[in-house]
Amino acid sequence: DSHPVELDENEISLLSRGPGFAVTPRITKKLLHDVEINIAQASYALKWRAEMERKGSRAQESDSQNLKMACPKLQTPFISVPPTHGVDLDVMMHNFGKFVIDIYRNSTVKTNLTKSQQAGLKSLRQREGIHISVSDKCGDFVVSTADAYRELTIHHLKSNVDVYKWIEPTRIMKGISVHVITPTDITYKNQLKNKRDCIEKECNDTIQEIVQRRGLDKRFLNLLLSHNTTLPAIYTLVKTHKIPPGVDIASKKLEELKVRPIVSCTGSPTERLASLATRIITPLLEFIPCHLRNIHEHLGKLRELAPTDLQGLKFYSADVCALFTNVNVERSIEYVIELASEHWREIETFGLKLVDLHLVLEVVLRNSYFTFNKRLYQQIYGAFIGSSVSPPCAMITVYKLERESIYIDPFHLNSPVRHLYCRYVDDSGSLARNEAEAVANCLRISERDEDGRILWEVDFPEGEEYIPFLDTEIKITVEGKVSTRYYRKPQNKGISLNYQSHHQMSTKEAVARNFYNTAREVSSGPQELQYSLKKVDSLLTQNGYPNPRKNDDPKRRERTKGKKKQQKDRFPTVCLPYTNEWDSIQIRQHIKKHGVPIRPIFTPGKTLKRIFCNSRPLDRNTCVLGNPGRCEICPLIDNGSCSRKGAVYQITCEACEAGVRYQGEADRPLHNRIGEHLRAMRNPRSHENNAMGQHQAASHPGEAPRISVTILDCKPSTVKRKISEALFIHKQKPELNDKSELEAIVKYTTNS
């Protein structure tokens with residue numbers, strides 16, 4: 001690599017813990033504030049739950065309620081004040097919140113990093129010009145310079161011209177669209193904004209048309225309308241598993257490295273419609289006979305076959321090459337609609353018709369624009385790796401090809417695939433007499449693809465060797481006996497949840513127990529079991545587990561096997577930071593003793609992946625206008641930029657000696673909201689309901705506005721953001737927030 005990165009021993013020691021390693025959090029005001037928010041959110045959910053039970057609306061849930069339960073992440077930018085249901089619930093949650101805050105204030109936390117690892121964490125945070133990402137499938141970190149990462153991704157985009165296309169900026173001259181000869185950063189910024197607005201409008205027009213046509217309620221529409229979105233951004237993960245064992249990645253040239261391109265669609269214009277389509281079509285996978293619902297279902301099917309059926313046969317695996325980027329989107333939509341039409345009455349459709357689903361899929365899959373390094377690209381073939389709707393569409397597409405090839409008689413009746421053919425997304429497993437027959441089976445499927453892009457890589461055994469499939473190795477002996485055992489790729493670095501990670505002990509024990517349960521489940525005999533258990537022993541020992549075998553309890557597995565978990569009451573959850581075991585025990589005991597109707601979930605500290613990795617490393621928004629030097633709002637914000645969305649903010653009037661304050665929240669970028677306040681201060685008569693405008697008129701008439709802005713908190717969730725705002729106003733009592741507003745907003749907290 002022409003861009004080497006030198007890491008010192010401290011940095012290597014830290015990164016070797018793995019991406020999932022959680023760092024012990026410090027007890028700060030920010031942590032305590034978040035605890036209060038989460039408890040108030042649980043209280044908010046309890047109040048609405050009681051209201052729904054009172055109205056009896058659980059028996060007659062609307063399409064919007066069904067959609068909200070199916071897609072919890074869908075939310076509207078505005079929420080209602082929670083209803084009041086007597087004093088008991090408020091007092092209970094207030095006391096619970098006070099108890100929990102006292103626990104955390106008096107808590108003792110000890111860092112889980114050594115001094116050298118702390119030094120490594122500090123130095124990595126201070127480094128500039130480096131890029132840290134997680135490798136594809138192998139579970140370790142890949143560190144490079146930012147320039148190397150940029151070159152690697154651009155090389156991937158340029159070397160796949162049949163998949164990706166760079167969109168040059170254009171402008172209209174005399175009614176004709178012409179390319180901009182010397183585009184500037186502002187030109188590119190405007191290009192991205194125009195494309196985003198165009199897609200956002202198309203998505204909103206589509207769902208509005210459907211809602212109006214089907215007579216769906218307004219809440220259904222609000223859940224799916226897109227606001228203040230951002231175009232998807234591509235990032236790449238290095239396929240270190242493609243590098244032979246023993247070969248140093250630093251010795252490879254950039255163009256020799258294989259990458260997995262992932263397009264992050266979080267917050268994109270099509271995200272909400274994609275969620276809707278995904279919830280409708282995912283149940284269709286249950287009607288695909290070869291679809292594996294879990295990664296071990298194939299073992300049960302294989303073990304059910306008699307040795308006489310397996311004599312002379314070999315198990316082989318096959319992998320579709322770059323499935324998502326080789327799917328024809330137009331035909332994929334047709335195949336999905338065809339399968340959906342066969343089972344439309346058997347799936348939840350949320351009040352939509354088949355023609356509506358077709359329209360939604362077209363809008364989502366055809367708007368395949370994304371950004372990289374603040375430039376606009378389009379994926380002209382295939383579906384995004386990263387969009388929620390891509391996996392079910394791709395799997396149904398492959399099934400259509402299988403349905404017209406290997407499932408057709410008389411081929412199916414005379415081929416070994418009749419005994420076993422299964423597929424997990426793009427990995428399939430089946431039986432054949434020899435390698436030529438295995439290749440022919442895959443070729444038969446590929447030939448049904450009119451574009452000739454669905455190709456397979458076949459892995460057929462030589463002699464008596466095992467063939468890996470998912471996390472198992474499979475071999476069929478000459479006598480027709482099936483031998484299976486646990487498998488991990490040789491290139492895998494053996495990184496799992498480290499024993500020193502800041503997770504609950506029960507979580508670590510469950511991780512170890514699941515590894516041993518998997519080893520026992522996939523092993524076909526005593527020899528295979530010993531091999532599998534040794535693999536797990538080595539893995540857990542490498543990750544710092546003392547005496548890992550204590551977590552292997554086959555008797556417990558037999559006791560719980562086949563037992564269904566008891567259906568618990570669906571209490572709202574409250575997410576609380578995990579500090580230590582004793583604090584968690586005390587909180588659970590309080591909940592049980594006082595009958596608090598919530599279920600606590602103790603979350604670990606920030607993981608190293610969350611600290612160092614970013615899905616938009618070169619596409620972060622720093623200013624809505626793209627030029628902070630020309631922006632009126634950015635210089636006013638002392639701890640962020642005007643592009644920040646979902647912020648709780650404080651405006652301070654610098655013209656007042658006392659520095660009077662106003663606090664608010666905004667789902668939109670701060671540029672929009674602070675701009676409204678400035679316009680109100682310049683023209684108070686036109687903004688009678690704006691507190692900053694009325695203050696300017698009363699205290700500084702005729703003067704230019706002089707304000708400063710501080711970002712107090714950021715919360716994407718509307719409920720959490722409203723609660724955060726309420727807590728700040730309740731505690732700090734800013735002068736310009738009137739009493740009536742305080743009385744209304746305090747209802748979101750547990751102090752009402």
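**Cavities, a pocket and a sheet**

A: The largest cavity holds about 80 Å³ of space. The model is a predicted one, in which local features need pLDDT of at least 70, side-chain atom pairs count only at pLDDT 80 or more, and totals for chains, interfaces and linings use all residues. Residues are numbered from 1 along each chain as its sequence is written, and side-chain values use heavy atoms, with hydrogens and water left out.

Q: What counts as a cavity or a pocket here?
A: On a 1 Å grid over the protein atoms alone, a cavity is a set of points where a 1.4 Å probe fits but cannot get out, whereas a pocket is an open set with protein on both sides within 12 Å along at least five of seven lines; lining residues have an atom within 4 Å of a point. Grid points are joined across faces, edges and corners, and a volume is the space filled by probe spheres set on the points.

Q: Which classes of residue line the largest cavity?
A: Its lining has five nonpolar, six polar and no charged residues. Among them are Cys-265, Phe-384 and Ser-390. Ala, Val, Leu, Ile, Met, Phe, Trp, Tyr, Cys and Pro count as nonpolar, Asp, Glu, Lys and Arg as charged, and the others, Gly among them, as polar.

Q: And the second largest cavity, by class?
A: That lining has four nonpolar, four polar and four charged residues, around about 60 Å³ of space. Helix H12 (329–342) gives the largest share, three residues. Helices (H or I, at least four residues) and strands (E, at least two) are DSSP runs, numbered from the N terminus.

Q: Switching to the second largest pocket, which residues lie nearest its centre?
A: Lys-137, His-241, Lys-242, Arg-260 and Asp-319 do, out of 50 lining residues. The pocket volume is about 1,900 Å³, and 18 of the lining residues are charged.

Q: Now the sheet: what is the order of its three strands?
A: The open sheet runs S20-S19-S21 with antiparallel pairing; two strands pair if DSSP finds at least two bridges between them. S20 (661–666) and S21 (707–714) are at the edges with a single partner strand each, so one side of each has no neighbour in the sheet.

Q: How many bridges join S19 to S21?
A: Seven bridges join them, and Ala-647 has Cys-714 in S21 as its bridge partner.

Q: What does helix H24 touch?
A: Helix H24 (residues 718–732) packs on the sheet and touches S19, S20 and S21, contact meaning heavy atoms within 4.5 Å.

Note on methods
Axes fitted to C-alpha atoms, helices over the stretch in contact; angles between N-to-C directions.
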